[in-house]
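Here is a briefing on one protein model. Please look over the sequence and the structure before reading on.

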Amino acid sequence: MRKEDFLEKWIGFILIIIIGSIAYKVAKLNKALDPLVLGIVFGMLVRTVFSTKTNLFIDLKYSYKIFIPVGIILYGVNLQFHRLSHVPVVAWFELIMGIVIVFFVSIYLGRKLSLKKELSFLIGIGTAICGASAIAIASPVVNAESEETGVSLVTITIWGMIGVLVYPVFLTFLNIPKVEYAFLCATTLHMTGFVKIAAGALGDSCVNLALSIKMARTAMIIPIIWFLCWHNAMEKGTGEKNILFYVPWFLWVFILMGLLTSFLPVLTPAIKPLKLCAEIIFTIALTSIGLNVDLRNILDIGGGALITGLITWLSLICVFVLFKGFIF
């Protein structure tokens, strides 16, 4: 490698960290802003503005191949397995049914609207599980391109923000009980931050209940990842017996991190700093993905993704309405 190329790679690497850190700081100014989404948006904007003026943002895939695994491992502290026993059995059925329906809807619409299979998967995962973090975890598993990750993140963010605005209006006009409203927010809104804001309309007790249910939804990323690994193995013709070898190593460490921090009290003081580190590193990782995306490419393929994102979200709300009579 030429000395100039080596220097450019290091400068580009440092710029990724700087831009990602700025995105994280800006996101913390408002609870409605998700640092992961802001990271990829900042990256796309910088790439679009400066790509013709510098070579620093060319071929940065090496950077997110470093940051994504580290971010996924640290994000394991958010699993909190010990809290899952408090989730009602019926709520688990609703979550599972919602995931299955959302996947069928996203894949079906993806085919009808000529979306890439990887993009359909990511929109389904982001809608059914936990928004930006689920997409970040699933992207390397489905071998998604940077554009597909960017489009899926923008899609779920748009509909999630609309949900945050609309849900309190429904609450006012329909006089929804607190527990029911907490379940609605937790099982149908895309990101934890959105759940906090929407559920906050009925106070801290509503937020705490909603976050407990959202925790169960977040944990569902584990069987989803297994399914995706199995799907990839089947497509490659490797067979079911080899499935364990097709789960990326960092996902095993991700689960281990969740188990250790959930059941070893000695690690409790480390949970908060680990969560902070995970969020910052994830933000930097998605910033590096954004720096590989030209915003004009996002605009070219965004229409079909928005339609898919809307209908999958509405299907999730329909599942909530269907199960409402069993839960309340």
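Is Glu279 buried, partly exposed or exposed? Glu279 is partly exposed, because its relative accessible area is 27%. Here buried means under 20% relative accessible area, exposed means over 50%, and partly exposed lies in between (1.4 Å probe, protein chains only).

This is a predicted model, so local features need pLDDT of at least 70 and side-chain atom pairs count only at pLDDT 80 or more, while totals for chains, interfaces and linings use all residues. Residues are numbered from 1 along each chain as its sequence is written, and side-chain values use heavy atoms, with hydrogens and water left out.

**Overall build**

- The protein has 14 helices and zero strands.
- Helices (H or I, at least four residues) and strands (E, at least two) are DSSP runs, numbered from the N terminus.
- Along the sequence the pattern reads α-α-α-α-α-α-α-α-α-α-α-α-α-α.
- Of the 328 residues in the protein, 52% are buried.

**Salt bridges**

- Side chains of opposite charge can pair when their charged atoms come close.
- A salt bridge is counted when a side-chain nitrogen of Lys or Arg lies within 4 Å of a carboxyl oxygen of Asp or Glu.
- The structure holds two salt bridges.
- One of them joins the side chains of Glu279 and Lys28, at 3.1 Å from N to O.
- This pair links distant parts of the chain: Glu279 sits in helix H13, Lys28 sits in the loop between H1 and H2, and they are 251 residues apart.
- Lys28 is partly exposed, with a relative accessible area of 47%.
- Glu148 and Lys116 also meet through their side chains in a salt bridge, at 3.5 Å from N to O.
- This pair too links distant parts of the chain, 32 residues apart: Glu148 is in helix H7 (residues 146-174), and Lys116 is in the loop between H4 and helix H5 (117-128).
- Glu148 counts as buried, because its relative accessibility is 5%.

**The largest pocket**

- A pocket is an open set of points on a 1 Å grid over the protein atoms alone, with protein on both sides within 12 Å along at least five of seven lines.
- A cavity is a set of points where a 1.4 Å probe fits but cannot get out, and lining residues have an atom within 4 Å of a point.
- Grid points are joined across faces, edges and corners, and a volume is the space filled by probe spheres set on the points.
- The largest pocket holds about 970 Å³ of space.
- Its lining has 34 residues, and Asn78, Thr192, Gly193, Lys196 and Glu279 lie nearest the centre.
- H13 gives the most to this lining, with seven residues.
- Other helices that supply at least two residues include H1 (3-27), H2 (35-50) and H10 (204-219).
- By class, the lining of the largest pocket has 18 nonpolar, seven polar and nine charged residues.
- Ala, Val, Leu, Ile, Met, Phe, Trp, Tyr, Cys and Pro count as nonpolar, Asp, Glu, Lys and Arg as charged, and the others, Gly among them, as polar.

**Cavities**

- There are two cavities of 30 Å³ or more.
- The largest cavity has a volume of about 60 Å³.
- Helix H4 (89-112) and helix H14 (295-327) each give two or more residues to its lining.
- H4 gives the most to the lining of the largest cavity, with four residues.
- This lining has five nonpolar, two polar and two charged residues.
- The second largest cavity has a volume of about 50 Å³.
- Its lining has eight nonpolar, no polar and no charged residues.
- Among them are Ile221, Trp226 and Phe254.
- H11 supplies the largest share of the lining of the second largest cavity, four residues.

**Backbone exceptions**

- Most residues other than glycine have a negative phi.
- Ser114 is not a glycine, yet it has a positive phi of about 60°.
- Ser114 lies in the loop between H4 and H5, and it is exposed, with a relative accessible area of 66%.
- Asn175 is not a glycine either, and its phi is positive, at about 55°.
- Asn175 is found in the loop between H7 and helix H8 (178-188), and it is exposed, with a relative accessible area of 65%.
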